[in-house]
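Biologist: Hi! Could you walk me through this structure?
Modeller: Happy to, let's take a look together.

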Amino acid sequence: MFDQIAANRRRSHLLIFCVVLLIVGIGYFLGLYFELGEYAVFPALLFALLLAWGSYYHSDKIVLRISRAEPATKDEEPYLLNTLEGLSIAAGLPMPRPYIIEDSAPNAFATGRDPQHAAIAVTRGLLDKLNRLELEGVIAHEMSHIRDYDIRFMTLVSVLVGTVMLLSDGMLRNMRYSRRHGSGRQGNPLALVGLVFIILSPIVAKLMQLALSRQREFLADATAAQLTRYPEGLAAALEKLGADTEPLEAANKATAHMYIINPLTEHKGWANSLFSTHPPIEERVKRLREM
């Protein structure tokens, strides 16, 4: 457990460092391309540092807002709150803040920077379609992500990697516009190198996202089984979630890796499965039932 926590802390710091470098690189090459001078790197560095700081302390709020998650109270959702309270005590963790996503597709995710600042969001479909033992299995899975600091890394990936992709896309649009209107230094070799760099940036960012090991899901499943002492609960829940064909409208490619199963319907194709951050549900269920 402690090795996993230490590894996730190292990966979080490395991710921040790599994204800062990517943004500074984009700023530098854009300065060359638009003849702004090398000093364009300083605004880019400032933006990258502010983004890293904001992502570290506020990325959970950003992800919850993007996911259209609303706080849940005990008066409104006693079933969920009682389950959270019991599993928090069993795991020896502070109770995470509970959130509801009003969507009929069953799914859930955890977010935050540490166990003291964690939240668990579940969809309405999850509460409606799972029984108590299955819900406990899903919540225990998310609790293990909180305990192992997976939440910090996954949440930072959503915000930082998503920002790099948006920046790169926006810059490419501007560069196409400048070429049509005769501005920009298309003949400058360094500017051309920068163009290649900006094109490759979202690919590099995506590879960072895929660096999320599938093993973390297997580990979270195993920890959930230990926590509930009932592997079949999570196994049955995963089968129900995998059989449900409703797309989760609140999810997108930046946040999909955070959910207990991939919420995007297009992930089921053979090619997409090769690049999925989630292991196959069948394999997860098989391992749980072998415990």
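Biologist: Which residues of helix 8 are buried?
Modeller: This is a predicted model. In helix 8, the buried residues are Arg216, Glu217, Phe218, Ala220, Asp221, Thr223, Ala224, Ala225 and Leu227.

Biologist: And how many residues does helix 8 have?
Modeller: Helix 8 runs over residues 215-228 and has 14 residues. From first C-alpha to last, helix 8 reaches 20 Å, close to the 20 Å expected.

Biologist: What comes just after helix 8?
Modeller: Arginine 229, which takes a positive phi of about 60°.

Biologist: Okay, on to helix 9. Why does its span agree with what it should be?
Modeller: Because helix 9 has 13 residues, it should span 18 Å at 1.5 Å a residue, and its end C-alpha atoms are 19 Å apart.

Biologist: What covers the buried residues of helix 9?
Modeller: The cover includes helix 4, helix 5, helix 8 and helix 11. Among the buried residues of helix 9 are Gly233, Leu234 and Leu241.

Biologist: New topic: which residues have the most contacts inside the largest nonpolar core?
Modeller: Leu80, Val122 and Ile139, in a core of 35 residues. Helix 8 and helix 9 are among the elements that each supply at least two residues of this core. Its largest share, six residues, comes from helix 5.

Biologist: What does valine 122 touch?
Modeller: Leaving out residues up to four places away in sequence, valine 122 touches Leu80, Tyr99, Ile100, Ile101, Asn107, Ala108, Leu127 and Ile139.

Biologist: How many residues are in the second core?
Modeller: That separate core has 18 residues, including Val63, Leu64, Ala119 and Val159.

Methods. Residues are numbered from 1 along each chain as its sequence is written. This is a predicted model: local features need pLDDT of at least 70, side-chain atom pairs count only at pLDDT 80 or more; totals for chains, interfaces and linings use all residues. Side-chain values use heavy atoms; hydrogens and water are left out. Helices (H or I, at least four residues) and strands (E, at least two) are DSSP runs, numbered from the N terminus. The expected span of a helix is 1.5 Å times one less than its number of residues. Buried means under 20% relative accessible area, exposed over 50%, partly exposed in between (1.4 Å probe, protein chains only). Contact means heavy atoms within 4.5 Å. A nonpolar core is a set of buried Ala, Val, Leu, Ile, Met, Phe, Trp, Tyr and Cys residues joined through side-chain atoms within 4.5 Å.
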